[in-house]
Amino acid sequence: MQFEYRVAGIPAIINVTDLGVRQSGMYNTVKSEFEVCDRRGRRAQWLERKLDDDMIAEIKHEIAERV
């Protein structure tokens, strides 16, 4: 799964590399790993370093919403 995102105002693509969904009663728990890529789809570690905790939480929330 991939989707567009902005890291510090810079266009990027979030590439989900691992996704797991676990059901527990009425709720689903989503575990995910992702990498940040440039607009051409190449991994951009320099953009990953710009992520703060709030951005990571927002990305993980977006992934969970799309599952």
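This is a working chat about one predicted protein model.

Biologist: What secondary structure does the protein chain have?
Modeller: Remember that the model is predicted. The protein chain has two helices and three strands.

Biologist: In what order do the elements run from the N terminus?
Modeller: The order is β-β-β-α-α.

Biologist: What box do the C-alpha atoms fill?
Modeller: Roughly 40 × 20 × 15 Å, taken along the principal axes.

Biologist: OK, the strands. How do strand 1 and strand 2 run?
Modeller: They run antiparallel, and six bridges join them. As one example, Tyr5 has Ala12 in strand 2 as its bridge partner.

Biologist: What does the turn between strand 2 and strand 3 look like?
Modeller: This is a hairpin too, with two residues between the strands. Gly25 is in the turn, and its phi is positive, at about 65°.

Biologist: Let's pick residues. Where does Arg22 lie?
Modeller: Arg22 is in strand 2, which covers residues 10-24.

Biologist: Is Arg22 buried or exposed, and why?
Modeller: Arg22 counts as exposed because its relative accessibility is 56%, and the cut-off for exposed is over 50%.

Biologist: What does Arg22 contact?
Modeller: Leaving aside neighbours within four places in sequence, Arg22 contacts Tyr27, Asn28 and Thr29.

Biologist: Now Asn15. Where is that one?
Modeller: Asn15 lies in strand 2.

Biologist: Buried or exposed?
Modeller: Asn15 is buried, because its relative accessible area is 17% and buried means under 20%.

Biologist: Which residues is Asn15 in contact with?
Modeller: With neighbours within four places left out, the list is Met1, Gln2, Glu33, Phe34, Glu35 and Cys37.

Biologist: Switching to the core. Which residues touch the most other members of the largest nonpolar core?
Modeller: Val7, Ile14, Phe34, Val36, Leu51 and Ile59 do, out of 14 residues in that core. Two or more core residues come from each of strand 1 (2-7), strand 2, strand 3 (27-37) and helix 2 (53-66). In soluble globular proteins, nonpolar side chains tend to be buried together.

Biologist: What does Ile59 touch?
Modeller: Phe3, Tyr5, Ile14, Phe34 and Leu51. That leaves out residues up to four places away in sequence.

Biologist: How much of the protein chain is buried?
Modeller: Buried residues are 30% of the 67 in the chain.

Biologist: And what is the accessible surface?
Modeller: About 5,100 Å² for the protein chain. Carbon and sulfur atoms hold 42% of that.

Biologist: What about charges: how many positive and negative side chains?
Modeller: There are 11 positive and 12 negative side chains. The centres of the two sets lie 5 Å apart.

Biologist: Last one. What share of contacts joins residues at least 24 apart?
Modeller: That share is 42%, among contacts between residues at least 6 apart in sequence.

Key. Residues are numbered from 1 along each chain as its sequence is written. This is a predicted model: local features need pLDDT of at least 70, side-chain atom pairs count only at pLDDT 80 or more; totals for chains, interfaces and linings use all residues. Side-chain values use heavy atoms; hydrogens and water are left out. Helices (H or I, at least four residues) and strands (E, at least two) are DSSP runs, numbered from the N terminus. Buried means under 20% relative accessible area, exposed over 50%, partly exposed in between (1.4 Å probe, protein chains only). Contact means heavy atoms within 4.5 Å. Accessible areas come from the Shrake-Rupley method with a 1.4 Å probe; for residues, only the protein chains shown count as cover. Lys and Arg count as positive and Asp and Glu as negative; His and the chain ends are not counted. The place of a charge is taken as NZ of Lys, CZ of Arg, CG of Asp or CD of Glu. A nonpolar core is a set of buried Ala, Val, Leu, Ile, Met, Phe, Trp, Tyr and Cys residues joined through side-chain atoms within 4.5 Å. Two strands pair if DSSP finds at least two bridges between them.
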